[in-house]
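Have a look at the fold first, then read on.

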Amino acid sequence: MKVNCLSCGHKTDLDDAYDDYDGQIKCFTCGAILEIKTEQGSLKSVKYVKIVQPPSAQDVLLRTR
Ligand SMILES: [Zn+2]
């Protein structure tokens with residue numbers, strides 16, 4: 001089953017374990033968190049949970065130290 005990422009549009013491949021699933025998945029391409037609900041292998045709903053934002057200036061500063 002494939003889920004279209006609402007952030008980057010990439011199709012994320014999900015295996016059979018997600019055929020009946022209600023929870024969060026992570027887009028492997030952009031890292032966005034999506035909340036999906038599936039039933040018997042078909043997608044019922046996709047919701048955006050978290051938009052991945054570029055690291056803030058403070059984070060970059062901490063990382064370079
Ligand atoms: Zn994505």
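## Strand pairing

β4 and strand β5 (residues 42–50) run antiparallel, with seven bridges joining them. Strands here are DSSP runs of E with at least two residues, helices are runs of H or I with at least four, and both are numbered from the N terminus; two strands pair if DSSP finds at least two bridges between them. Across this pairing, I36 stands opposite V46 in β5. The β4–β5 hairpin has two residues between its strands, and Q40 takes a positive phi near 50° there.

On to the other hairpin. Strand β3 (residues 21–26) is also antiparallel to β4 (residues 33–39), joined by six bridges, and K26 has I33 as its bridge partner in β4. Six residues lie between β3 and β4 in their hairpin, where G31 has a positive phi near 85°.

Overall, the chain has one helix and five strands, in the order β-β-β-β-β-α.

## The core

The largest nonpolar core has eight residues: V3, C5, L14, I25, C27, A32, L34 and I36. Such a core is a set of buried Ala, Val, Leu, Ile, Met, Phe, Trp, Tyr and Cys residues joined through side-chain atoms within 4.5 Å. Of the chain's 65 residues, 20% are buried (under 20% relative accessible area, 1.4 Å probe, protein chains only).

C27 is in contact (heavy atoms within 4.5 Å) with C5, C8, T12 and A32, leaving aside neighbours within four places in sequence.

## About the model

This is a predicted model: local features need pLDDT of at least 70, side-chain atom pairs count only at pLDDT 80 or more, and totals for chains, interfaces and linings use all residues. Residues are numbered from 1 along each chain as its sequence is written, and side-chain values use heavy atoms, leaving out hydrogens and water.

Definitions and conventions
Buried means under 20% relative accessible area, exposed over 50%, partly exposed in between (1.4 Å probe, protein chains only).
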